[in-house]
Amino acid sequence: MNRILFQGITILPMTRPQDRVERGDILVEGDRISYIGPSKEWEGDFQVFDGEGKVALPGFVNAHTHLAMVFLRGFADDMTLDRWLREKIWPMEARLKAEHVYRFSLLGAAELISSGVTTFADMYFHMDQVARAVEETGLRASLSTGMIAQGNPFPGEVLKRGTNFALTFRGKAGGRITTMLAPHAPYTCPPDFMKKVREIALKENLPVHTHISETRKEVDDCLAEYGLTPPELLDQAGLFDCLVLAAHCVVLEDQDFPILKKLKGVAHCPVSNLKLASGVAPVKKMVDSGVNVALGTDGASSNNRLELLQEIKTASLLAKGVNFDPLALPAFQTLQMATLGGAKALCLEDQIGTLEVGKKADIVVFDFNSPHLQPCFDHYSHLVYSALPSDVHSVMVDGTWLLRERKYQTLDFEEVKEEALKATKEIVEE
Ligand SMILES: [Zn+2]
């Protein structure tokens with residue numbers, strides 16, 4: 001069994017602000033944390049990690065993305081959502097083959113790992129290929145096949161495919177893969193379909209991943225058709241009897257807040273929402289109403305990055321700005337959204353999200369020696385307002401190094417990059 005000792009490191013367990021340990025030790029045995037606390041004398045055989053000038057915290061959870069979409073990063077920007085999807089994104093996605101999704105998932109995985117994201121929630125297609133990339137790179141993920149029933153003559157088949165994937169891949173990669181059912185959104189999956197999803201989710205004990213109230217148009221159309229907001233519509237269909245992760249929730253009415261409290265979490269994707277001009281989600285009001293808010297990037301075609309530091313800072317600044325309240329989303333609370341909030345949203349809070357004895361050793365180590373991190377009065381403040389993804393020094397999942405001193409341990413980046421660019425060329429020049 002591997003035994004790794006982080007020695008003399010600043011530890012932010014992300015349980016409570018005051019639980020920070022200034023110079024402490026973390027012992028990892030196998031895939032779990034077996035000691036966390038003040039530095040002490042150790043005897044035995046360990047791989048020692050010198051924590052001088054370093055800060056350890058739980059790996060970030062990207063609670064909503066479409067990993068393989070990295071191939072469309074910067075392909076089409078500065079467009080309306082409707083034209084962007086119809087003219088640029090969907091035609092290119094239609095050319096994707098399974099092998100492409102694998103290549104792009106590896107590229108996405110490299111980006112996640114190098115920026116301290118250890119877990120992600122993904123909704124896409126050819127998900128067996130995303131699972132393959134997760135297996136090989138050592139990441140943790142909650143995977144789901146996006147299901148669109150609207151316009152499909154065989155919605156039963158769509159549901160079957162989504163369910164088969166979820167049941168086949170649940171628990172794979174040594175338990176690092178969990179799965180969900182993913183009805184794409186209320187405007188692409190009518191209430192009848194949602195009711196069927198609910199039935200299977202409850203029977204098979206599968207969580208549900210969906211998009212809710214991303215744009216004003218979506219909400220207006222839903223009100224016009226059903227006389228209900230999207231959260232009300234899904235609530236009435238019984239979907240929230242399941243464990244639900246909902247991305248976006250940008251355009252909300254007053255009656256939506258108590259409904260969203262029933263969810264496992266909302267994945268707030270501030271950068272994607274800003275770039276597509278969907279608006280700003282009322283995060284402060286959600287948090288004040290008791291909704292668990294996590295952070296996600298959405299796909300790299302609308303962000304255009306998959307790392308979370310940008311999301312963390314943007315979420316905090318936006319909440320302050322739109323509420324004219326500098327106290328909104330303080331540093332610790334925002335950082336907690338990217339860790340424990342994400343873990344809860346993915347139903348993984350028993351395993352990850354905080355650094356505690358008995359939990360999985362999913363750890364990100366930041367190097368605090370860069371000029372933009374001097375001086376340091378408050379580590380939480382620096383991580384939210386100053387740190388860059390390039391400050392990530394080392395990353396571990398399940399007690400295994402994925403990044404060590406900024407070097408990939410589970411992938412060959414030059415090869416991953418080359419293969420992904422080759423695949424991109426195939427698709428774009430087809
Ligand atoms: Zn999305």
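Biologist: What span does helix 11 (residues 309-323) reach from its first C-alpha to its last, and what would be expected at 1.5 Å a residue?

Modeller: Helix 11 has 15 residues and reaches 21 Å, close to the 21 Å expected, where the expected span is 1.5 Å times one less than the number of residues. Helices (H or I, at least four residues) and strands (E, at least two) are DSSP runs numbered from the N terminus. This is a predicted model, in which local features need pLDDT of at least 70 and side-chain atom pairs count only at pLDDT 80 or more, while totals for chains, interfaces and linings use all residues. Residues are numbered from 1 along each chain as its sequence is written.

Biologist: What makes Asp31 count as buried?

Modeller: A residue is buried if 20 or more other C-beta atoms, placed from the backbone, lie within 10 Å of its own, exposed if 12 or fewer, and partly exposed in between. Asp31 has 20 C-beta neighbours inside 10 Å and therefore counts as buried, although Asp31 lies in the loop between strand 2 (21-29) and strand 3 (32-38).

Biologist: Which residues does Asp31 touch, not counting those up to four places away in sequence?

Modeller: With contact taken as C-beta atoms, placed from the backbone, within 7 Å, Asp31 touches Lys360, Ala361, Asp398 and Gly399. The C-alpha atoms of Asp31 and Lys359, which are 328 residues apart along the chain, are separated by 8.6 Å.

Biologist: Why are helix 11 and helix 12 called oblique to each other?

Modeller: Axes are lines fitted to C-alpha atoms, for helices over the stretch in contact, and angles run from 0 to 180 degrees between N-to-C directions. The axes of helix 11 and helix 12 come within 9 Å and cross at roughly 135°. Angles under 35 degrees count as roughly parallel, over 145 as roughly antiparallel, 65 to 115 as roughly perpendicular and the rest as oblique, so this pair is oblique.

Biologist: Which residues of the two helices meet, and how many of them belong to each class?

Modeller: Ile312, Ala315 and Ser316 in helix 11 meet Thr334, Leu335, Met337 and Ala338 in helix 12. By class, this contact has 5 nonpolar, 2 polar and no charged residues, with Ala, Val, Leu, Ile, Met, Phe, Trp, Tyr, Cys and Pro counted as nonpolar, Asp, Glu, Lys and Arg as charged, and the others, Gly among them, as polar.

Biologist: What makes helix 2 (residues 98-114) oblique to helix 14 (residues 413-428)?

Modeller: Helix 2 and helix 14 pack at an angle of about 135°, with their axes 9 Å apart, and that angle makes helix 2 oblique to helix 14. Among the residues that meet are Phe104 and Leu107 in helix 2 and Val416 and Ala420 in helix 14. The contact of helix 2 with helix 14 has 9 nonpolar, 1 polar and 3 charged residues.

Biologist: Which residues does a cis peptide bond with omega of about -15° join?

Modeller: That bond joins Gln374 and Pro375, and Pro375 is in the loop between strand 15 (363-367) and helix 13. The peptide bond from Asn303 to Asn304 is cis too, with omega near 10°, and Asn304 is found in the loop between strand 14 and helix 11.
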